[in-house]
Every structure is written in structure tokens, then in C-alpha cells.
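Here's a short tour of one protein model. Have a look at the sequence and the 3D view before reading on.

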Amino acid sequence: MISLRRNIPLFYAFSFLEMTLLPMAVITLFWKHQIGLSLAEIASSPWPWW
């Protein structure tokens, strides 16, 4: 039961990181394919804007 209590917060932390980092990858792929930017241009763009 101790390992289960430890795993629940770890699962929430992993889920949080996954949900915060996935949109960054999706936006990068969108910029690369739809707008036609290179990876160097994407890396040098000011991020984030807000």
C-alpha cells in the first residue's frame, strides 16, 4: 500500500508534464509544416508570447 500512495502523486506529476509539453511539440510541427518555417527559425522565435 505504501508504493501505491507514492505512485499516485508521481502519476499526477507525469500527467501534468505530459499535458504541458505536448502542445509545444504540436505547435512546432504546425509551424514547420503549415507555415514553412525551418527548425532554426522556430528555435530562434520568441517563445512564449504571452
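The report below goes from the overall picture to a few residues.

## Before you start

This is a predicted model, so local features need pLDDT of at least 70 and side-chain atom pairs count only at pLDDT 80 or more, while totals for chains, interfaces and linings use all residues. Residues are numbered from 1 along each chain as its sequence is written, and side-chain values use heavy atoms, with hydrogens and water left out.

## The whole protein

You'll find two helices and zero strands here. Helices (H or I, at least four residues) and strands (E, at least two) are DSSP runs, numbered from the N terminus.

Of the 50 residues, 6% are buried. Buried means under 20% relative accessible area, exposed over 50%, and partly exposed in between (1.4 Å probe, protein chains only). The protein's accessible surface is about 4700 Å², and 72% of that belongs to carbon and sulfur atoms; such areas come from the Shrake-Rupley method with a 1.4 Å probe, and for residues only the protein chains shown count as cover.

Tyr 12 sits in helix H1, which covers residues 2-35. Tyr 12 counts as exposed because its relative accessible area is 58%.

A search of the whole structure turns up one aromatic pair. The ring centres of Phe 11 and Tyr 12 are 6.1 Å apart with planes at 55°, so the pair is tilted. (Rings of Phe, Tyr and Trp, its six-membered ring, pair with centres within 6.5 Å; planes under 30 degrees apart are stacked, over 60 edge-to-face, the rest tilted.)

## And Ile 27

Helix H1 also holds Ile 27, which is partly exposed because its relative accessibility is 31%.
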